[in-house]
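Hello,

Here is the structure I promised to pass on to you.

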Amino acid sequence: MRDRRLLVLAASAVAIVAFGVYGVMAAPGAVVASPSPRSTPTEEPRSDPKLTLSDPAPVTPTPQDGPAQAGARYLTAWQAGDLAAMADLVTDPPADFADRHRRFDADLRASLSSLAPGELHRESESAELSFTGVREVAGLGRWPFTSVLRLVMRADTWKVLWSPETMHPALKDGGRLVLKETEVRRPATLTREGVPFPRDSRAGDYFTGLGDTVLDVKLEEESSGRVLLASPPRPPSGRKTTISQPVQAAAARALDGVEQPAAIVAVDIKTGQVRAVADGLGVREAFNGLYPPGSTFKVVTAAALLRNGMTPESQVACPAGYTIPNGRSFTDSDGVDHGTVSLTTAFALSCNTTFAQQAYERLRDDRLRAEAADRFGFREKPGLSYCRIQSYEGPDQLGSDAIGQNSVQASPLCMAEVAAAVASGVWRPAITTAEPPADSPQPVPLDDEVASGLRTMMGAVVSRGTAAGAGLPPGTAGKTGTAEVENGGDHAWFIGYRGSLAFAVFVRHGGAGGTIAAPIAARFLNAL
């Protein structure tokens, strides 16, 4: 009997121990302490498989859960201008979150151009991500700034803890940024002859002193008065430019009465100095605007053909239509099949079909882009003019590039540089200073035979080609251009040279180059 009671007591003790272990393992939120050195077991306890509970798999944070990634998403949405996405990434955004951003940009006439994350400093459930940005302020230019994104953990998700200083540190504690404009008298700018610019010169966006007053603009912190950005200092009164008073006057008056926006740029052939800029296109569009140059670019295409074995007398086909093998078709504006003619005649008649075919047959290994970029300035470069061409992605694009369409774009000043290169035999960047700036591209000589052949061909355009009836004075050589654009009418071009001047005439959506731009060039040259 005594033995039986001992067995019952032992069984009860085992049951109590087992139940206690089960209770500890099953209790929610239970913390298992590390055993003390005095109670370290000599062997692992055995568990009944029916009572063992599997621990849940640990949650591994995914990359998008980190504060750096959350901050990067916010900056990406900000740079894209997606205010709704930004608000979604903010914890408790103010009701006027989007309006604050819009008002900030509108009040300062600013637009965000870039953002870049910096260093991240993280604690357990908070973090700070530094970042840099650049805004563009109208009339003042680039405005770099540095700020911090504060991030916090909310419901297992990293969120931006937004405040006004997130947009700019100067907004902290109710601070404000303001644009201040002050009307001041313009310092006078003179022509190279030391006299004032002509009346209504159309050059006011390029030189100061052509009106009575100008606005000085400053971006300031309101409380401290600290200036963050300001208009560049004005040149001293009486500064001379490279502009010639009679040439500028002739250019400005040649545009009088032209209904469409237009520009004339003239440069000195030997030095590249700008002698006139009459711009009715917009803010410095005659220097910086990018437009398809149309058939005026055939000067560059012809140079590439001459460099690759052709001569002005080479016989070529000038049909009414031409189709690149397995590709697109090209037509001429006159719709006439001129048969077999010299390359000079095809150039004078501005045969699209000829130049598309010859480019396909002779310039397919990127020779056209190389000619434009290496010898005529069609590349990314410092300087006054803008122009560019890309490597073609197929024969159709090459054919279109050859006639000044597709990827080819240029400003009027760039095309004046092309005309000057033919006249002098050296491509050089245009300048508005006595000497080229230190970062100015180096001049590039053209081969003598190429330059001589181009002069012959550009002379034929005026004597018996598409500009023959424009009234251009003797000694003028040039090239007409009619550039097709998707929205609006064709752009009208005429580039050329005479005497010491090379020039470009451009009329936006003006129509045919031979009937619109060339007569304007004639008025300009005949007034000199």
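Which hand does the crossing of α12 and α13 have, left or right? The crossing of α12 and α13 is left-handed, where left-handed is the name for a near helix turned anticlockwise from the far one by less than a right angle, and right-handed is the name if the turn is clockwise.

Before going on, a word on the ground rules. This is a predicted model, in which local features need pLDDT of at least 70 and side-chain atom pairs count only at pLDDT 80 or more, while totals for chains, interfaces and linings use all residues. Residues are numbered from 1 along each chain as its sequence is written, and side-chain values use heavy atoms, with hydrogens and water left out.

Two packed helices are described by the angle between their axes and the distance between the axes. Here the axes are lines fitted to C-alpha atoms, for helices over the stretch in contact, and the angles run from 0 to 180 degrees between N-to-C directions.

Back to α12 and α13: their axes are 8 Å apart, and the packing angle is about 115 degrees. That makes α12 roughly perpendicular to α13. The cut-offs are these: under 35 degrees is roughly parallel, over 145 roughly antiparallel, 65 to 115 roughly perpendicular, and the rest oblique. On the α12 side, V422, A423 and S424 meet A451, L454, R455 and M458 of α13; contact means heavy atoms within 4.5 Å. By class, this contact has 5 nonpolar, 1 polar and 1 charged residues. Nonpolar covers Ala, Val, Leu, Ile, Met, Phe, Trp, Tyr, Cys and Pro, charged covers Asp, Glu, Lys and Arg, and the others, Gly among them, are polar.

Helix α13 (residues 448-464) also meets α7, with axes that come within 10 Å and cross at roughly 135 degrees. That makes α7 oblique to α13. The crossing of α7 and α13 is right-handed. V299, A302, A303, L306 and R307 of α7 touch V450, G453, L454, M457 and M458 of α13, a contact with 8 nonpolar, 1 polar and 1 charged residues.

Helix α7 (residues 298-307) has a further partner in α9 (residues 352-362): the two axes come within 11 Å and cross at roughly 40 degrees. These helices are therefore oblique to each other, and the crossing of α7 and α9 is left-handed. From α7 come K298, T301, A302 and L305, and from α9 come N352, F355, Q358 and R362. That contact counts 3 nonpolar, 3 polar and 2 charged residues.

**Empty spaces**

Rolling a probe the size of a water molecule over the atoms shows where empty space is left. On a 1 Å grid over the protein atoms alone, a cavity is a set of points where a 1.4 Å probe fits but cannot get out, a pocket is an open set with protein on both sides within 12 Å along at least five of seven lines, and lining residues have an atom within 4 Å of a point. Grid points are joined across faces, edges and corners, and a volume is the space filled by probe spheres set on the points.

How many cavities of 30 Å³ or more does the structure hold? There are 2 of them. The largest has a volume of about 40 Å³, and its lining is D366, L368, R369, I389, Q390, S391, Y392, L398 and D401. α10 (367-375) and α11 (395-402) are the elements that give two or more residues to this lining.

The second largest cavity has a volume of about 30 Å³. Its lining includes V267, D268 and I269, and β10 (262-268) and α12 (412-424) are the elements that give it two or more residues.

**Two backbone angles**

Most residues other than glycine have a negative phi. D200, though not a glycine, has a positive phi of about 50 degrees, and D200 is found in the loop between β6 (189-190) and β7 (213-221). D366 also has a positive phi, near 70 degrees, and lies in the loop between α9 and α10.

Happy exploring!

Note on methods:
Helix = DSSP H or I, 4+ residues; strand = E, 2+ residues; numbered from the N terminus.
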